Number of protein chains: 12
Amino acid sequence: MSNHIYKHIELTGTSPISYDQAIKNAVERAAKTVHNMRWFEVIDTRGHIEEGKVSHWQVSIKVGFTLDEA
Amino acid sequence: MSNHIYKHIELTGTSPISYDQAIKNAVERAAKTVHNMRWFEVIDTRGHIEEGKVSHWQVSIKVGFTLDEA
Amino acid sequence: MSNHIYKHIELTGTSPISYDQAIKNAVERAAKTVHNMRWFEVIDTRGHIEEGKVSHWQVSIKVGFTLDEA
Amino acid sequence: MSNHIYKHIELTGTSPISYDQAIKNAVERAAKTVHNMRWFEVIDTRGHIEEGKVSHWQVSIKVGFTLDEA
Amino acid sequence: MSNHIYKHIELTGTSPISYDQAIKNAVERAAKTVHNMRWFEVIDTRGHIEEGKVSHWQVSIKVGFTLDEA
Amino acid sequence: MSNHIYKHIELTGTSPISYDQAIKNAVERAAKTVHNMRWFEVIDTRGHIEEGKVSHWQVSIKVGFTLDEA
Amino acid sequence: MSNHIYKHIELTGTSPISYDQAIKNAVERAAKTVHNMRWFEVIDTRGHIEEGKVSHWQVSIKVGFTLDEA
Amino acid sequence: MSNHIYKHIELTGTSPISYDQAIKNAVERAAKTVHNMRWFEVIDTRGHIEEGKVSHWQVSIKVGFTLDEA
Amino acid sequence: MSNHIYKHIELTGTSPISYDQAIKNAVERAAKTVHNMRWFEVIDTRGHIEEGKVSHWQVSIKVGFTLDEA
Amino acid sequence: MSNHIYKHIELTGTSPISYDQAIKNAVERAAKTVHNMRWFEVIDTRGHIEEGKVSHWQVSIKVGFTLDEA
Amino acid sequence: MSNHIYKHIELTGTSPISYDQAIKNAVERAAKTVHNMRWFEVIDTRGHIEEGKVSHWQVSIKVGFTLDEA
Amino acid sequence: MSNHIYKHIELTGTSPISYDQAIKNAVERAAKTVHNMRWFEVIDTRGHIEEGKVSHWQVSIKVGFTLDEA
């Protein structure tokens, strides 16, 4: 219950499969280098179209994580 | 075809499973006390992250329902 | 790598099944008459509610396609 | 001149006649159950089209009313 | 109740008379070439001033119409 | 067709009668001191409610006028 | 950790003293009738001016509270 | 209860002390030349940082005042 | 001075040279098939980066043109 | 480093030559009557089209200037 | 007066005490690792409510700092 | 064509010369430490005024770059 400070980063995840999966891919890739991630917020949903079909979902998210209280 | 009046309420639904399910959960919970719901509009999509993975989807929606013509 | 020009059109796709499917329906229906579609962007997510459940997803998208370099 | 608190509700009024009338209909219907309404703000103006003509105006408003100082 | 797809177009109607009439003029002019229009949404309200008086209303609307299920 | 420069001012007009009249009142009052007004744009539509009815329309507009080429 | 659903309400708090106090007044007044409030978000900050000084702060907030899982 | 017209001006107040004080400074400075100010609305909150601390608050506000009914 | 109706289209122009040229390219390409274009409005400015330098400007504009009074 | 107060004005500059020049024209014209201008912010970029080409750039800016500490 | 480049980061500061303190906490924590911070801008103001009272302020800010001219 | 993830950073470039140059300066300075930059988007255009003339352009951009698939 101390005075936490959060930092936000912005990412775009992509997936050929689904909207949900594009977000999960962004979060899981970021987890390799960022610790203590707490929340995300969707800021933009886009995608590529090839031959008349949705080929990739591209979802931009803002992610918040706790800064250590150095 | 008379002069309908609609009231809007705003809800946040959550789900560990998917974006779509978070919306369905909010609508179905609201249906227990609100009748004559007609439409929803998504106003914000967020979620919690635990151990580097999406743990909960949180989707805020505005719901419109018909007021009885008292 | 020449100076491409893109035109945008705006569509609403609907689906009783899912958010993703509503977008796919809009893109695939547009493909019957529009060629060279390259990307989409979601601008609004709504839906109908019947008997206390989500009955239809309605997703509005902006679609960009290449104009032939006449 | 004490510390008033206001609550806001959101409504959509409709009218086959005019923009102004759709707003008046929403306010007058709400007055049947809400007291002490003080102001409104227009948040969205839409309408239905039938046979190439405007058939209904749909205006969404936010209404503020005073909470009793319980 | 099938999977309808809607296309949107954007128009500006003008009228020396009133706000409502500017919208009606846009809808009725569009009806000469576009069929199956279902709804409109106001996106911008402007006007011209001449000799210190409002001389023309200019209202921009987005109009949605059903695409035939080809 | 020279390089005109415009200045904008922002006003709120009120009227017990109608939305259109509130805008006209603002423009006509401003015309007493500002010359060369060319256009307006609506930025906010509000109103007062008294005894369950709309008592005053309050419409905020931005007005542009030509600066003399001093 | 179950599937919570939140409802949002919108309030304007006022205070002659400060911005912070206007928010506290809104939250504490709402607490008399709403239980399980969890968060607020500021949506608009305004105030009255009398005799050339700020006389009242008016802060509009959105408040979220947990719906019982009926 | 006549048809008042309001004009808006936009100001940025600064203060080394607090957010509230920056707003008060803007209002009180404007009062030296503008009469009949009635309300303000915050449009932007910024500040300067010097040596890792907030050194000045900069708050931009819109102020409305009554035009005399000339 | 009759009741003109305008239609809007949305385009993205690109140019390796400049922001201004990307807009000019969009307008001049559209002029091959659209007549009576009157104004444009910039809605988005983006670009591609290659090898650490801006390689292409991409500017999205809305263009308005007069519909013939059929 | 005292408590400066800034006032903002809004202008539209035009130029047949370029985006940058339209802004410079607005600033330089305003400098004839307004002193102590410090910054500008672009709020809208539009233009006229004649015979299928950009004929005039119209850029609206907000300009801030220091009020004397009377 | 050379060509400075600034980078922006986004932070959320929290405080049980006040809005102002939440911002100061974010700036002072960031100062432990980021040098040359110059300005901040508030982008979102939220808070937690416990037992019917504001328990924590959460203010999200964007902070700009100078990049060394490497 | 694998599942790329992009990270966004936000920068302000400045230039005494032009709008375009301010953007190029930001991109080229960032290229000294960030690799694989792919796109930019303009989010804000401002500038300084000295002695009644534009003295510096300040353009804020969001830049996206590919994260290595670690």
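**How the chains meet: a short tour**

Hi everyone, let's start with chain A and chain C, which share five residue pairs in polar contact, both residues of each pair being at pLDDT 80 or more. That pLDDT condition is there because what we have on screen is a predicted model.

Who supplies the residues on chain A's side? Strand E2 (37-50) and strand E3 (53-66) of chain A each bring at least two residues to the side that touches chain C. E2(A) gives the most, with six residues. By class, that side of chain A holds five nonpolar, six polar and three charged residues.

Now the whole contact. Chain A puts in 14 residues, and chain C puts in 14 residues too. For chain A and chain C the buried area is about 1200 Å², with 60% of it on carbon and sulfur atoms.

There are two salt bridges across this interface. A salt bridge is formed by Lys53(A) and Glu28(C), and their closest N and O atoms are 3.6 Å apart. Why does that pair count? Because the cut-off for a salt bridge is 4 Å between such atoms, and here the closest N and O atoms are 3.6 Å apart.

The strands meet here as well. E2(A) pairs with strand E2 (residues 37-50) of chain C in the antiparallel sense, over three bridges.

Strand E2 (residues 37-50) of chain I pairs with strand E2 (residues 37-50) of chain L, antiparallel, over three bridges. Arg46(I) has Glu41(L) as its bridge partner there. Strand E2 (residues 37-50) of chain J also pairs with E2(L) in the antiparallel sense, over three bridges, and this time Glu41(J) has Arg46(L) as its bridge partner.

Within chain L, E2(L) pairs with strand E3 (residues 53-66) over 12 bridges, again antiparallel. Arg46(L) turns up here too, opposite Gln58(L) in E3(L). The hairpin of these two strands has two residues between them, and Glu51(L) in that hairpin takes a positive phi near 50°.

Next, chain J and chain H. In this contact there are 13 residues of chain J and 14 residues of chain H. Together the two chains bury about 1100 Å², 49% of it on carbon and sulfur atoms. How many salt bridges are there between chain J and chain H? The count is one, and it joins Glu10(H) to Lys62(J), with the closest N and O atoms 2.8 Å apart. On the chain J side, strand E1 (residues 5-15) gives the most, with four residues. That side divides into five nonpolar, four polar and four charged residues.

Strand E1 (residues 5-15) of chain H and E1(J) pair in the antiparallel sense over four bridges. Glu10(H), our salt-bridge residue, stands opposite His8(J) in E1(J).

One last thing about these two chains. A rotation of 120°, with 0.0 Å of shift along the axis, superposes chain J on chain H with an RMSD of 0.0 Å. That is the relation of a three-fold axis. In chain J, the C-alpha nearest the axis belongs to Ile9(J), 4.7 Å away from it.

And what about chain D? Chain D does not touch chain H, their nearest C-alpha atoms being 15 Å apart.

Definitions and conventions:
Residues numbered from 1 in each chain as written. Chains lettered and ligands numbered in written order. Predicted model: local features only at pLDDT ≥ 70, side-chain atom pairs only at ≥ 80, totals over all residues. Heavy atoms only, no water. Contact = heavy atoms within 4.5 Å. Buried area = accessible area lost by both parts, 1.4 Å probe. Salt bridge = Lys/Arg side-chain N within 4 Å of Asp/Glu carboxyl O. Nonpolar A, V, L, I, M, F, W, Y, C, P; charged D, E, K, R; others polar. Pairing = 2+ DSSP bridges. Least-squares fit on C-alpha atoms with pLDDT ≥ 70 in both. Polar contact = N/O pair within 3.5 Å; in protein donor to acceptor, adjacent residues only side chain to side chain.
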